[in-house]
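Work through the exercises below with the structure open beside you. Try each task before reading its solution.

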Amino acid sequence: MPRPRSLTARHLATAALTVIDRDGLAGLSMRAVATELGIATMSLYRYVPDREALERQVVDLVLDGVDTAPPAGQPWQRQLAGLLERVRTAVAAHPGAVPLTVTHRHTSEAVRQWSETVLGVLAAAGFTPRRRALALRALLAYLTGALQNEHLAPLAGEATTALAELPPDAYPLLSGTASEAARVPAAEEFRAGLDLLLSGLSAAPR
């Protein structure tokens with residue numbers, strides 16, 4: 001009899017991410033991952049208790065390569081911008097996993113480590129514990145919202161086109177703004193919104 005395969009958390013997460021990249025998040029199931037690994041579905045439960053735990057492993061894998069060291073020699077605003085940009089770059093390779101980064105942002109070890117670094121930058125900039133909490137929440141809200149917008153509802157998508165085609169006599173500003181928005185690259189949208197948030201944090205009491 002051949003010895004049973006010994007699988008690591010990385011093996012499981014890689015298989016799950018392969019399923020998501022190929023079939024979308026709707027295609028993710030314990031059965032699909034087991035098939036990808038070449039094992040029986042019940043055998044998968046020897047390594048992971050349920051889909052939720054598997055999803056957390058996927059988030060950790062997606063963010064595994066994110067450098068959590070703050071960019072050196074830059075103002076705190078640019079350090080924070082760099083940290084958020086790194087997450088955006090990592091997630092861009094696996095857009096199907098975007099909803100999981102939102103669902104498991106509080107339980108993923110990778111997100112915890114990233115958040116610890118962000119809090120360190122804020123603390124060094126003089127933010128009090130209360131202001132750090134508010135700033136981190138704002139940054140996480142922006143990051144997760146921007147990722148969902150970029151990959152699930154892009155400016156260049158059908159919704160923007162529909163708004164641009166509204167009658168200009170009834171919606172002059174909405175239709176005109178949508179026409180311009182459709183030409184904004186995703187990277188510009190992300191950085192412009194982030195700059196607005198960082199400007200607000202710079203002006204707010206610390």
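**Exercise 1.** In which helix is the place of Glu36?

Glu36 sits in helix H2, residues 30-37. Helices here are DSSP runs (H or I, at least four residues), numbered from the N terminus. This is a predicted model: local features need pLDDT of at least 70, side-chain atom pairs count only at pLDDT 80 or more, and totals for chains, interfaces and linings use all residues. Residues are numbered from 1 along each chain as its sequence is written, and side-chain values use heavy atoms, with hydrogens and water left out.

**Exercise 2.** Describe the surroundings of Glu36.

Glu36 is partly exposed, with a relative accessible area of 34%. Buried means under 20% relative accessible area, exposed over 50%, partly exposed in between (1.4 Å probe, protein chains only). Next, list the contacts, meaning heavy atoms within 4.5 Å. Leaving aside neighbours within four places in sequence, Glu36 meets Ala15, Thr18, Val19 and Arg22.

**Exercise 3.** Is Ser175 buried or exposed, and what does Ser175 touch?

Find Ser175 in helix H10, residues 172-181. Ser175 is buried, at a relative accessible area of 6%. Not counting residues up to four places away in sequence, Ser175 touches Leu163, Ala164, Leu166 and Pro168. A polar atom of the Ser175 side chain lies 3.5 Å from the backbone oxygen of Pro172.

**Exercise 4.** Work out how helix H11 is placed.

First, the length. H11 covers residues 186-203, 18 residues in total, and reaches 26 Å from its first C-alpha to its last. That is close to the expected 26 Å, where the expected span is 1.5 Å times one less than the number of residues. Second, the buried residues: Phe190, Gly193, Leu194, Leu197, Leu198 and Leu201. Seen down the axis of H11, they fall within an arc of 135°, so they line one face of the helix. The arc is that of the directions from the helix axis to the C-beta atoms. Third, the partners: these buried residues pack against helix H5 (76-92) and helix H8 (129-152). The face turned away carries the exposed residues Leu196 and Ala203.

**Exercise 5.** Which residues have the most contacts inside the largest nonpolar core?

They are Leu44, Leu63, Trp114 and Leu139, in a core of 55 residues. Helices supplying at least two residues of this core include H2, H5, H8 and H11. Such a core is a set of buried Ala, Val, Leu, Ile, Met, Phe, Trp, Tyr and Cys residues joined through side-chain atoms within 4.5 Å.

Methods:
A polar contact is a pair of N or O atoms within 3.5 Å; within protein, one must be able to donate a hydrogen and the other to accept it, and residues adjacent in sequence count only if both atoms are side-chain atoms.
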